[in-house]
Amino acid sequence: MKHIDIKEVFSNAEYIGRTVTVCGWVRTARNSKNVAFIELNDGTSLKHLQIVIDKASDIDFEPALHLGTSLKIEGEVVEARQGSVEINASAITVLGTCPPEYPLQKKRHTLEFLRTMPHLRGRTNTFNAVQRVRSVMAAALHEYFQSKNFVYINTPLITGSDCEGAGEMFQVTTIGYSKEYENEADYYSNDFFGKKAGLSVSGQLEGEVAAMAMGKIYTFGPSFRAENSNTPKHLAEFWHVEPEIAFAELPDIIEEAESMIKYVIRTVLDTCPDEMKFFNQHFENGIIDRLEDLVSHDFATVTYTEAIKLLQESGEQFVYPVEWGCDLQTEHERYISEKVFKKAVFVTDYPKEIKSFYMKQNADGKTVAAVDLLVPGVGEIIGGSEREADYDKLVAAMNERGMNLDLYGDYLDLRKYGSVPHGGFGLGFERLIMYVTGVSNIRDVILYPRTVGNVR
Ligand code: 4AD
């Protein structure tokens with residue numbers, strides 16, 4: 001269907017005075033004495049395009065004035081108030097009618113209400129803006145890594161090993177367990193892969209394989225977590241950006257993470273001014289200044305041990321008690337980034353007991369070269385580390401955790417054949433979108449959220 005994107009009509013002055021065809025859905029319609037007005041949106045722009053219909057013309061406009069109706073409109077682009085443009089319609093075709101029970105009425109709906117209709121909520125300003133910013137951020141991530149010689153790798157989603165070792169994997173099976181199997185081993189040997197398989201919680205282990213060949217790689221795909229966390233920042237299926245870098249130590253990993261985040265946010269600020277103004281107005285007053293501030297200053301860095309001290313000396317009453325060795329909860333993460341540093345903070349060198357087996361063991365024997373990035377409003381958005389590159393130390397860490405070494409043969413081989421210092425991190429893409437847009441529930445920054453009890 002030959003037509004022009006509404007975004008183009010707005011951004012290209014050469015259309016003024018020309019007759020064009022646009023398509024879209026009716027966002028609002030007004031019928032006054034001599035003219036009728038339609039606000040049309042085709043999803044390419046946050047701003048609606050005003051269509052003006054002269055009621056004295058022979059256009060059959062009445063069927064076009066209903067909310068949600070899809071239209072094709074031909075008309076002349078003319079200048080409107082405040083330097084904008086509108087269209088004087090010369091022909092209107094109704095592509096699809098929309099009955100009055102259309103759930104998206106003119107009033108402002110709550111995000112909770114909109115979550116009940118994921119197939120329609122994309123037509124609201126909020127979801128339109130979120131999805132467009134999400135798309136710009138995804139492209140910016142690719143641009144960033146491609147321009148720095150990273151190779152884009154697609155790691156398997158079905159896996160036989162649990163990267164994080166925390167037992168949060170969804171199982172992949174084609175048969176149900178029943179009493180006719182003698183034991184678990186018998187059951188799995190009858191299953192599709194002949195062994196236990198699950199949906200990957202992270203592409204890191206295969207990412208390391210690729211980095212040991214291509215030097216610098218990144219993945220960008222879904223990861224799956226079966227954790228029973230019904231919180232505003234956990235999804236069972238989230239999009240995970242995981243760079244892995246050979247010949248790199250923890251400070252190199254931290255530098256890369258900071259520069260990647262700044263690049264993505266700079267790109268959004270430069271290319272999505274309308275969307276950012278919208279988020280500033282409706283979601284978080286001051287968000288543009290906050291992001292400008294973030295990209296123009298260094299992030300803070302603090303060790304886990306120092307962070308624990310800061311929390312203990314804060315005088316705050318936390319729900320979860322703070323002592324060396326505890327996992328940092330969202331309330332702790334937010335206190336550190338929001339109250340202490342008032343900006344993005346890297347927390348490094350966590351106790352080895354609360355981190356994964358693959359992290360490089362520090363000389364103190366107690367901590368590992370791990371890093372999390374905490375940001376105000378959200379908490380952790382990145383988790384990463386330098387990896388243990390020493391074969392014996394890695395095997396010892398796996399044995400300490402009672403892991404089955406047979407499942408990690410490929411991974412251990414990397415430490416046998418030309419092992420190098422290396423590391424990487426995982427960015428939760430939706431969490432970064434929350435931070436950039438000020439939208440506070442992760443269910444509202446992905447088209448179809450998968451959470452406990454919800455798989456529409
Ligand atoms: O800290 P995590 O578990 O680290 C890893 O998976 C490493 N293998 C990454 C690496 O080093 N390559 O997860 C990384 C990030 C978290 O910081 C968080 O932003 C996001 O992934 N994440 C989730 N996002 C949404 N819902 C969930 N359930 C998430 N779990 C982790």
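Mentor: The ligand takes up the space of the largest pocket, a pocket being an open set of points on a 1 Å grid over the protein atoms alone, with protein on both sides within 12 Å along at least five of seven lines. This is a predicted model, where local features need pLDDT of at least 70 and side-chain atom pairs pLDDT 80 or more, while totals for chains, interfaces and linings use all residues. Residues are numbered from 1 along each chain as its sequence is written, and side-chain values use heavy atoms, leaving out hydrogens and water.

Trainee: How many residues surround the ligand?

Mentor: There are 25, with E164, Q204, E242, E380 and I381 the closest, counting a residue if one of its heavy atoms lies within 4 Å.

Trainee: Which polar side-chain atom lies 2.9 Å from a ligand oxygen?

Mentor: That atom belongs to R387, whereas I381 brings a backbone N or O atom to 2.8 Å from a ligand oxygen; polar contacts here are pairs of N or O atoms within 3.5 Å.

Trainee: And which strand gives the most to the shell?

Mentor: β14 does, with five residues, strands being DSSP runs of E with at least two residues, numbered from the N terminus.

Trainee: Switching to the sheet, what is the strand order?

Mentor: The open sheet of eight strands runs β6-β9-β10-β15-β14-β13-β12-β11 with mixed pairing, where two strands pair if DSSP finds at least two bridges between them. β6 and β11 are the edge strands, each with a single partner, so one side of each lacks a neighbour in the sheet.

Terms used. A polar contact is a pair of N or O atoms within 3.5 Å; within protein, one must be able to donate a hydrogen and the other to accept it, and residues adjacent in sequence count only if both atoms are side-chain atoms. On a 1 Å grid over the protein atoms alone, a cavity is a set of points where a 1.4 Å probe fits but cannot get out, and a pocket is an open set with protein on both sides within 12 Å along at least five of seven lines; lining residues have an atom within 4 Å of a point. A molecule sits in a cavity or pocket if more than half of its atoms lie within 2 Å of its grid points. Helices (H or I, at least four residues) and strands (E, at least two) are DSSP runs, numbered from the N terminus.
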